[in-house]
Amino acid sequence: MPSTKFLAPVANTRLVRKAADAALLRYSHYRTVQLDQMGAGAVQHATLMRLVRKARRTRFGRDHEFSRIASVADYQARVPVRDYEWFWNTYWKSAYPNLDDVTWPGKIPYYALSSGTTSGATKYIPVSWDMVRSNKKAAFTTTSLFRHTNPTAKLFTGKFFFLGGSTDLRKQPDGSLAGDLSGIAAKELYEFLRPYTFPPAELTLIADWEEKVRRFAELSAREPITALSGVPAWMYVLFSRLKEVTGKSTVAEVWPDLRLVIHGGTKFDPYRELFKKEIGSDLVKFCEVYPCSEGFIATEDPRYNLLRIVPDHDVFFEFIPTEELSKERPTRHTLANVEVGVQYAVVITSCAGVWSYLVGDTVAFEKRNPPLIRFTGRTKYFLSAFGEHLISEEVEKAVTHAATVCGVNALDFHVGPVFPSQPGKPGHHLYLIEFADQTPDTSRFAKEIDEELTRINEDYGPHRVGDLAMLVPEVRVVKRGGFDEWMKARGKYGGQNKVPRMDNSGALTKDMTTWFAEHGSI
């Protein structure tokens with residue numbers, strides 16, 4: 001794509017900023033009407049056929065007879081549902097990092113590093129040029145739905161603050177780059193839009209997160225920030241630093257033009273009231289997005305206060321009832337025939353070469369037209385209350401490691417988040433653990449868990465740097481038989497009933513802790 005850097009000085013003038021904001025508003029109305037009039041089922045069918053045609057000469061396309069596919073039914077008959085481990089072991093591992101024409105045609109320029117796999121700490125998700133364009137379109141769709149509903153909330157008159165991961169992408173042997181998805185997005189930002197964004201490139205390369213957030217706060221305090229996006233835990237840290245360096249009592253005093261906060265990657269409910277208090281302005285609206293490394297899934301439509309699946313971003317969606325996940329040939333619904341209220345596992349086919357790929361998330365539809373959903377959880381235990389993306393296998397490995405190092409035996413345990421209850425204090429994980437005989441030094445046990453999770457999970461470590469977004473875990477000892485008594489009290493003792501190991505909402509963890517305290521079990 002030709003460089004647009006020469007347009008940046010012109011784009012930064014007051015007149016052009018006003019014109020850009022007016023143009024964005026016009027586009028927002030057009031885009032919203034386009035989405036409202038769109039037949040999601042027909043658009044999704046056309047999307048799938050286009051993806052299949054484009055990839056028919058890839059190795060995956062030849063293996064699955066893409067040349068003979070003419071309908072969704074044909075596709076589903078030839079392409080079973082698979083997960084990351086299958087794609088990695090069957091198609092990607094032997095060729096990585098040169099996945100050109102393996103599952104998607106052409107050069108793969110980027111790989112998004114992510115965690116959450118049972119076979120290791122890191123997933124390497126291909127990001128094609130088509131996916132780069134898809135993600136850009138998704139960003140404009142998110143902004144459009146907001147501006148359509150909030151026409152007076154000018155955004156281009158100031159700057160968008162992207163509080164993302166590191167932009168220090170790793171160069172691979174074939175010349176491709178690997179790193180955080182937000183870093184890839186920052187690198188691919190249209191150059192003429194850079195005057196409308198913060199932070200500058202040199203700040204995003206700072207490795208020390210504590211130093212980085214401090215510098216973000218110092219410099220952004222002087223900027224006309226109109227929109228902010230990021231993981232809630234890190235935005236919360238930024239708010240505290242921003243008030244420290246300015247001496248102001250609310251974020252709105254520092255950024256009076258702030259109108260939009262975009263959040264994603266973790267549950268926002270525990271933060272909503274804290275954010276309102278920290279920001280101190282009813283003019284600021286919150287918008288949820290549902291992206292993943294494999295493809296953008298949904299964005300909040302402010303008219304409904306629900307996530308809306310966007311059908312025309314070169315991503316094809318399928319939905320499997322969660323109770324059928326164990327079947328060899330589960331029922332695969334599309335946007336044309338999903339049912340409201342059913343718990344579905346999300347499956348995507350994308351313009352980066354994942355085909356009927358089980359994402360690992362579960363959703364339920366609140367409405368079919370337009371396709372409105374709510375995120376309901378994961379297909380297996382997980383913990384990502386602060387954006388740390390831990391799966392059950394990683395947590396169990398860390399607890400086992402800590403027990404071995406400390407010379408004790410953990411009989412059973414439960415872990416969940418304790419959310420921040422006051423400004424300036426991050427949340428943490430609480431481990432309730434029942435030991436066999438001896439009990440360890442709980443501080444040391446927590447330290448061993450913390451260090452092991454930092455070692456095996458790439459997302460966990462950055463959230464623990466400097467105690468900024470998440471404090472060191474807390475371990476509380478449950479007396480022998482405590483979990484059994486709790487299970488009995490809940491009518492779930494014996495048989496196939498098991499102590500729930502992980503709780504991402506924090507509600508169950510709080511209930512357990514209260515019950516144990518009232519019954520003398522901790």
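Two strands are taken to pair if DSSP finds at least two bridges between them. The legends below describe close-up views of a predicted model.

**View 1. Strand S1 and its partner S2.** Strand S1 covers residues 110-114, and strand S2 covers residues 123-127. The two strands run antiparallel and are joined by 5 bridges.

**View 2. Strand S1 and its partner S5.** S1 also pairs with strand S5, which comprises residues 177-179. Here the pairing is in the parallel sense and extends over 3 bridges.

View 3. Because 5 of the 5 residues of S1 are buried, the strand is largely enclosed by the rest of the structure.

**View 4. A stacked aromatic pair, Phe-60 and Phe-87.** A search of the whole structure finds 42 aromatic pairs. In one of them, the ring centres of Phe-60 and Phe-87 lie 5.8 Å apart and the ring planes meet at 20 degrees, so the pair counts as stacked. Phe-60 belongs to helix H4 (residues 59-63) and Phe-87 to helix H6 (residues 84-92); the pair therefore ties together parts that are 27 residues apart in sequence. Both Phe-60 and Phe-87 are buried.

**View 5. An edge-to-face aromatic pair, Tyr-75 and Phe-316.** The rings of Tyr-75 and Phe-316 have centres 6.3 Å apart and planes at 85 degrees, so this pair is edge-to-face. Tyr-75 is part of helix H5 (residues 72-78), whereas Phe-316 is part of strand S12 (residues 315-321), so the contact ties together parts that are 241 residues apart in sequence. Tyr-75 and Phe-316 are both buried.

**View 6. A charge over a ring, Arg-82 and Trp-86.** The charged end of Arg-82 is placed over the ring of Trp-86, at 3.7 Å from the centre of that ring.

**View 7. Helix H2, residues 14-37.** This helix has 24 residues and reaches 35 Å from its first C-alpha to its last, close to the 34 Å expected at 1.5 Å a residue. An α-helix has 3.6 residues a turn, so residues three or four places apart point the same way. The buried residues of H2 include Arg-17, Ala-20, Asp-21, Leu-24, Leu-25, Ser-28, Arg-31, Thr-32 and Leu-35.

Methods:
Residues numbered from 1 in each chain as written. Predicted model: local features only at pLDDT ≥ 70, side-chain atom pairs only at ≥ 80, totals over all residues. Heavy atoms only, no water. Buried < 20%, exposed > 50% of the residue type's maximum accessible area, 1.4 Å probe, protein only. Helix = DSSP H or I, 4+ residues; strand = E, 2+ residues; numbered from the N terminus. Phe/Tyr/Trp six-rings, centres within 6.5 Å; stacked < 30°, edge-to-face > 60°. Lys NZ or Arg CZ within 6 Å of the ring centre and 35° of its normal. Expected span 1.5 Å × (residues − 1).
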